[in-house]
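Welcome, and thank you for taking a look at this structure.

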Amino acid sequence: MDEQRIGIIAGSGVYPQLLARAARGAGVGHIAVAAFTGETEEGVGDLAEVIEWMRVGQLGKMIKFFKKERVTRAMMAGQISPGNLFDLRPDMRTLVMIGKLKERNAESIFGAIAEELEKDGITLLPATTYVEDRLAEVGLVAGPAIDEKREREVAFGFRIAKAVSALDIGQTVVVRRGTVLAVEAFEGTNDCMKRGGDLGKGEAVMVKVSKPRQDLRFDVPCIGEETVATAAEAGIPCIVVEAGKTLILDEGGLSARCEQLGITIYAKEDESN
């Protein structure tokens, strides 16, 4: 196994670029990026030795690319929009893979991709590899401190979010005064925030957690400046994440942005374990 080579399966947002920089800092000498049209930001290509563009669903092309680059370890970074994930134009390898699935959700699809990669000698590493220092620590992450009333709201929302995630519905909820305003499902986190924020009228709390037995190879909760901007637009003043299970995608301006917009980011530990 060549420890100096890594493949990045790059979705949207800044995560692929942050991961590429962290991998380089850890001594990785050759980075090969599998990029998706309409998802991946072009800037990630500047941080890699080679980048290959493809459609979501071209699993065979991705595996062929990684094998050509002698990549034996790969990581998933960044999101794939639900529309692209479930409205695939699959190549033959993807078509066969999907045909074997009993359920079609993000976890089952990503898990099947990991198995296909493994068949060709490519191990999918945890998405937190090289970026463990970006996992949220318990307490205030950024923005204004929370009071006792908000702490009760946080506890309520966290309990609901963990229950919802256990049912594989979604990982985000928006609550206010002990009422659930919105639950994330197919539409994704941002649309859930917008629906809940509209109902919350400036007082809602958004909570994002990991799933029970979260597979750290994919779908790890992440927040960054885009999340904060969405919260501000939706009128949500408080973002809660699960400590030790959520990546903070901070390029240096997150704290200042939270202070400017009056948005709190708070990390809560799962005390049910």
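The largest nonpolar core has 26 residues, and those touching the most other members are Ile9, Met62, Phe66, Ile113, Leu117 and Leu124. A nonpolar core here is a set of buried Ala, Val, Leu, Ile, Met, Phe, Trp, Tyr and Cys residues joined through side-chain atoms within 4.5 Å. Buried means under 20% relative accessible area, exposed over 50%, and partly exposed in between (1.4 Å probe, protein chains only). At least two residues of this core come from each of strand 2 (30-36), helix 2 (59-68), strand 4 (73-77), helix 4 (92-99) and helix 5 (106-119). Helix 5 gives the largest share, six residues. Helices (H or I, at least four residues) and strands (E, at least two) are DSSP runs, numbered from the N terminus.

This is a predicted model, in which local features need pLDDT of at least 70 and side-chain atom pairs count only at pLDDT 80 or more, while totals for chains, interfaces and linings use all residues. Residues are numbered from 1 along each chain as its sequence is written, and side-chain values use heavy atoms, with hydrogens and water left out.

Which residues does Leu117 contact, leaving aside its neighbours within four places in sequence? They are Ile9, Met62, Ile63, Phe66, Ile122 and Leu124, where contact means heavy atoms within 4.5 Å. Another core lies apart from this one, with 23 residues that include Ala142, Val228, Ala234 and Leu254.

Now for the rings: the structure holds two aromatic pairs. Rings of Phe, Tyr and Trp (its six-membered ring) pair if their centres lie within 6.5 Å; planes under 30 degrees apart count as stacked, over 60 as edge-to-face and the rest as tilted.

| Pair | Centre to centre | Angle between planes | Class |
|---|---|---|---|
| Phe65 and Phe66 | 5.5 Å | 35° | tilted |
| Phe110 and Phe218 | 5.6 Å | 45° | tilted |

Phe110 in helix 5 and Phe218 in the loop between strand 9 (205-208) and strand 10 (222-224) are 108 residues apart, so their pair links distant parts of the chain. Phe110 is buried, with a relative accessible area of 12%, and Phe218 is buried at 4% relative accessibility. In the other pair, Phe65 is buried at 5% and Phe66 at 0%.

Finally, Gly224 lies in strand 10 and counts as buried at 7% relative accessibility. Leaving aside its neighbours within four places in sequence, Gly224 is in contact with Leu249 and Leu254.
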